[in-house]
Every structure is written in structure tokens, then in C-alpha cells.
Amino acid sequence: MGFYLNPGNGGFEEAIRSSIYVDKTGLIACTNSLLSTKEKYICVSRPRRFGKSMALEMLAAYYSRGCDSKTLFSGKNIEHEESFPVHLNQHDVILLNMQQFLIEAAPGGLTDLLEKEVLEEFYEEYREFLKKPVTGLSDALRKLYTKTGKKFIFLIDEWDCVIRERQTNEDLQKQYLDFLRNLLKDQPYVALAYMTGILPVKKYGQHSALNMFWEYSMTDQSMFEEYTGFTEKEVVELCQRFHMDFSQTSNWYDGYRFRQFKHIYNPRSVVAAMRCGSFSNYWTATETYEALKIYMDMDFDGLRSDIVRMLGGEPVKVNTLSFQNDMRTFKTKDDVLTLLIHLGYLGYDWETKETFIPNKEIRGEFENAMSTGGWAEVMKVLKASDTLLKDTLLCDEEKVARGLDQAHTEVASILTYSDENSLSCAISLAYYSARNDYKIIRELPAGHGFADVVFLPLPSVRKPALVIQLKYDKSAAAAIKQIKDRDYPQALKGYAGEILLVGVNYDKQDKNKKHSCVIETMTI
């Protein structure tokens with residue numbers, strides 16, 4: 001057992017002994033199915049603190065020859081899989097953390113240090129087969145394969161740290177990518193290559209030679225969806241165990257959406273909330289908001305408008321295919337939005353090809369980034385939203401109308417009204433602070449149509465529900481009439497209590513372009 005070669009099960013043992021451990025051993029069944037196949041090259045990219053390193057420690061514990069991990073996996077999900085005993089501690093593993101080599105190496109010497117360190121262990125373990133000097137790690141592996149038939153499982157953590165942290169050093173990036181290509185591509189000694197990082201590997205100009213990798217990213221995790229974060233079932237169980245409010249947990253940390261699993265939670269934040277017994281910004285606290293602000297402030301046409309729309313609860317279309325998978329080549333706003341998806345600041349819906357702000361924790365990070373300049377008009381609207389909600393709950397129609405006028409004035413340079421949909425987004429933004437107490441639903445199927453905006457109080461909140469109907473160049477009274485005629489309140493299944501019916505109209509034909517508001521109450 002070595003540090004890089006067959007590193008053993010110490011990391012995984014620490015994980016399962018922790019106060020909170022969520023069983024993700026089913027991932028092993030996925031990798032077992034890909035061993036020694038054409039799909040054996042796997043790149044799983046996720047945001048920071050989404051369990052990437054822990055997954056590698058688990059795979060190392062399971063596959064590493066020379067250690068006994070059977071008891072560690074006893075009672076775990078993988079134990080019931082047919083392939084479990086077949087590969088348990090039966091493979092030679094090479095575990096590499098590229099971040100370690102980048103930090104410790106002399107400038108430009110990452111690959112030299114890596115080969116030196118790993119070859120020392122190879123000579124010690126396989127000296128009877130490697131008696132002659134070798135030109136590098138790949139040469140040693142080929143010679144060993146020729147003499148023994150040995151294949152290796154490569155587990156590579158932080159594969160993209162060179163791309164992320166040496167963004168302008170193209171020579172180092174080229175050297176590094178050439179090294180990975182030579183080490184892994186079309187080599188007979190590779191049984192499996194499982195790389196993790198934040199960025200996918202698809203496009204780096206002529207160095208797209210890592211295209212043998214199958215990519216599983218935040219735009220499409222495919223077979224690895226369940227292991228990307230915590231599922232809703234897992235979070236419900238944790239909330240029951242730690243006596244935490246599930247609806248609040250969902251409001252704070254849910255929102256990453258894939259093809260099969262529509263509710264994936266940030267694992268770092270959920271664990272921290274359960275341990276601390278309170279909800280807060282745990283994941284975003286591990287990095288300063290300036291990292292997000294850099295990308296938000298990029299001067300691409302439509303980017304600011306899209307961010308404002310997402311703050312208002314509206315998803316926006318995004319083309320993720322033009323992104324070059326680095327952190328400095330941006331040609332369109334879609335490239336910036338795609339990077340924010342990979343970094344975890346935005347969610348992505350594969351079916352609709354839309355991106356959105358996933359939860360309260362991330363919204364807070366956007367607020368922090370906007371508060372330091374350049375977004376003054378939006379911040380005024382957000383700060384005024386508390387007052388607007390209070391006026392609405394007091395049924396003060398005139399103050400609500402004036403508040404909406406003011407909100408429209410502030411964001412008019414970024415977000416213009418062109419139809420009821422853009423009006424709906426602006427209204428949602430004006431009621432921004434309501435997200436603390438309400439679940440806000442746009443276009444809720446209701447009665448004989450769709451209610452424009454519904455504010456459903458969270459289970460622990462003692463406030464009335466709101467059904468808001470919007471009109472454009474008509475009347476607020478007509479909006480109220482539509483709510484009643486189409487029986488929108490009946491859509492609030494399971495809710496009992498007071499409901500405020502709020503009709504809002506924006507009259508573009510009026511020279512003052514004012515909002516009007518009518519509020520009525522009812523009880524169900």
C-alpha cells in the first residue's frame with residue numbers, strides 16, 4: 001500500500017465514521033459496469049464541495065489491491081450488487097491529486113514532480129520488472145503491462161486545476177494536456193480512468209485529444225445523477241433524524257435539476273445545516289462573492305437582463321454548447337452563464353435548456369455580489385420589497401401600486417415591459433423578500449388556466465397565501481375577475497386559510513404609465 005499506488009481505505013473509513021454519512025456506494029456499480037470497456041474514460045465535473053474527493057476515496061477503498069475493505073462496505077448499498085465481490089480489492093489503483101502537484105511543483109514542473117513521486121513507488125513495488133531506466137510513467141506502465149498484463153485504475157482529483165488556476169499560462173496547459181493524453185489515451189494498461197474537477201474536458205483547441213472521455217457535468221450527469229448531490233429522499237431522512245424543517249431545507253439548498261432526479265441538494269450545505277441546527281450560507285461561505293461578481297459584471301449584451309430575470313424567478317434560455325470549458329474564453333453571454341452552471345451558481349434544466357438561480361443560498365450570493373457596486377437600481381428594488389409585501393398584506397392598494405411604480409422605474413433600464421410575462425418577472429422581483437416566507441410559483445396550473453404568480457406560505461409561516469394576476473393595458477379589476485371566474489384559488493391543494501387576491505394592471509397607453517392594484521380577501 002502506498003500514497004499514490006493502491007492508497008488503501010483510510011479516507012473512506014473517515015467518511016463513514018463521520019457524524020453524517022450518506023450512502024453513495026451505488027456509484028461503484030456504475031464504475032464496475034464500465035471497467036475495461038470503450039466507456040472506461042470518465043470525467044465527472046461538479047462544483048466545489050460537492051463530494052468529488054470523497055467519491056474518489058470510496059473508489060480507492062473499494063478497488064485497491066492489498067487492503068481489506070469488506071467490513072467498511074458491510075450494510076452499504078453496493079453490497080447487494082452482483083459485481084460487488086468480483087472487484088473488491090482486486091485492482092491496482094493510481095490515485096493522483098493534481099492540486100497537490102500544482103502547489104508543490106516548481107514553476108512549470110507539475111508533470112515532472114508527478115512522475116518522480118509516482119515512479120518512486122513503482123520502482124519499490126515492481127523493481128523485479130522495472131530494472132532498466134524508464135523515460136517516464138507511461139513508459140513504466142507499458143513495460144509492466146508487457147511483462148505482467150497488469151492494468152490500472154486511474155483516479156484523478158482536481159484534473160482541471162491547471163486550467164482554472166493558471167489561466168494565462170498556455171504553455172503549462174499544453175504540456176499538462178499532452179501529458180494526460182500520453183498517459184491515458186489508447187493505452188492498454190488502462191482499466192478505468194475516473195477524473196473529477198469543476199470543468200468538463202471537451203474543448204481546448206487542437207488539444208481536444210482528451211476526447212476519449214465521456215463527460216458527466218452539471219448540464220448532464222446522466223448515469224451519475226443520483227451521486228451528484230443529496231437526493232430529496234436522503235434529505236428528508238436527514239431532516240427527520242436531526243429534527244430540521246424539510247420545507248426550509250428545500251428552500252435553502254434544493255434546486256439542481258437533472259433528467260431523472262429533479263431535486264438534487266447541495267451536500268455541503270445540507271450537512272452543515274444538520275450539524276449546526278440552523279440554516280445559513282454554508283457553501284457560499286467557502287469562497288468570496290468576488291468570484292461570482294467578476295462574471296456577473298462582464299459586458300455581454302443581455303447578461304444583466306438575464307440575471308435580473310433569474311432573480312425575479314424566471315428561467316432563461318442558454319446555449320451551453322459554445323462554452324470552451326475554460327475560465328477566460330468568453331464570446332457570448334451564454335458562455336458566462338454556462339460557466340456559472342458548472343461552478344454551481346446556476347441550475348440547469350436539460351429538457352428545457354434553461355438556467356435559473358436554484359435556491360435561497362445562491363440568491364444570497366448574487367445579492368452580495370450586486371451590493372458592492374454596479375447594480376444600485378436592482379438593490380433598491382430588493383431593499384424595498386419588504387415594505388411592498390407589508391403593504392400588500394395590509395391590503396393597501398394605493399401603496400402597493402406606488403411601490404410597483406417605483407420598482408419599475410428602478411429597473412426600467414435593464415428590464416422593460418413588453419408583455420404580461422415580463423410584467424410577471426418584474427412583479428416577482430419587486431416581491432423579492434417574500435421568498436423568505438413563501439414558495440413562489442410562476443404560471444401555476446389552476447382552475448381553467450394558469451395563475452400568473454402564487455405565493456404559498458411555507459408550513460412554518462403564519463401568513464396568508466397570495467394569488468396575483470397581472471394585466472397589461474387592461475384593468476386591475478379585470479385581473480380580479482379572472483381569478484374568480486377561473487377559480488384559481490382551488491389550485492392551492494392542501495392549503496387552508498386566508499388568501500389575498502391581488503389584481504395588478506400596467507397601462508402602457510396611459511401617459512403616466514402607472515400600475516393599478518385591487519386586493520380582495522377570501523378564505524378556504
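Predicted model: local features only at pLDDT ≥ 70, side-chain atom pairs only at ≥ 80, totals over all residues.

Colleague: Which residues of the largest nonpolar core touch the most other members?

Modeller: That core has 117 residues, and F122, F154, W159, L184, F213, F366 and Y431 touch the most other members. A second, separate core of 32 residues includes F12, L72, V93 and A191. In soluble globular proteins, nonpolar side chains tend to be buried together.

Colleague: Why is β3 called largely enclosed?

Modeller: A residue is buried when its relative accessible area is under 20%. Six of the six residues of β3 are buried, so the rest of the structure largely encloses this strand. Both faces are covered, with F152, F154 and I156 buried on one side and I153, L155 and D157 on the other. In a regular strand the side chains alternate between the two faces of the sheet.

Colleague: How do you know that β3 pairs with β2 and with β4?

Modeller: Pairing needs at least two bridges. β2 and β3 have six bridges and run parallel; N97 stands opposite D157 in β3. Five bridges join β3 to β4, also in the parallel sense, and I156 has M195 of β4 as its bridge partner. Both pairings therefore meet the criterion of at least two bridges.

Colleague: What makes the length of α3 agree with that of a helix?

Modeller: At 1.5 Å a residue, the twelve residues of α3 (residues 52-63) should span 16 Å, and the end C-alpha atoms are 17 Å apart, which agrees.

Colleague: Why is α3 described as largely enclosed?

Modeller: Nine of its twelve residues are buried, so α3 is largely enclosed by the rest of the structure. Among them are K52, A55, L56 and M58. The buried residues of α3 pack against α1, α2, α4, β2, β3 and β4.

Colleague: Why are β8 and β9 called edge strands?

Modeller: The open sheet has three strands in the order β8-β10-β9, with antiparallel pairing. β8 (316-317) and β9 (347-349) each have a single partner strand, so one side of each is left without a neighbour in the sheet.

Colleague: How do you know that β8 and β10 pair?

Modeller: The cut-off is at least two bridges, and β8 and β10 (residues 354-356) have two, in the antiparallel sense. V316 stands opposite T355 in β10.

Colleague: What makes β13 a covered strand?

Modeller: Eight of the eight residues of β13 (residues 465-472) are buried. A465, V467, Q469 and K471 point one way, and L466, I468, L470 and Y472 the other way. β13 pairs in the parallel sense with β14 (residues 498-506) over eight bridges, and L466 has L500 of β14 as its bridge partner.

Colleague: Which elements make the right-handed β-α-β unit?

Modeller: β13, helix α20 (residues 476-485) and β14 make that unit.

Colleague: Why is M522 called partly exposed?

Modeller: Partly exposed lies between the buried limit of under 20% and the exposed limit of over 50%. M522, at 26% relative accessibility, therefore counts as partly exposed. M522 belongs to strand β15 (residues 515-523). The C-alpha atoms of M522 and L500 are separated by 6.5 Å, although these residues are 22 residues apart along the chain.

Colleague: What sets R49 and S222 apart in their backbone angles?

Modeller: R49, a residue other than glycine, has a positive phi near 60°, and S222, likewise not a glycine, has a positive phi of about 50°. R49 lies in the loop between β1 and α3, while S222 is found in the loop between β5 and β6. R49 counts as partly exposed at 43% relative accessibility, as does S222 at 39%.

Conventions: Residues numbered from 1 in each chain as written. Heavy atoms only, no water. Helix = DSSP H or I, 4+ residues; strand = E, 2+ residues; numbered from the N terminus. Expected span 1.5 Å × (residues − 1). Buried < 20%, exposed > 50% of the residue type's maximum accessible area, 1.4 Å probe, protein only. Contact = heavy atoms within 4.5 Å. Core = buried A, V, L, I, M, F, W, Y, C linked by side-chain atoms within 4.5 Å. Right-handed = clockwise from strand over helix to strand, strands pointing away.
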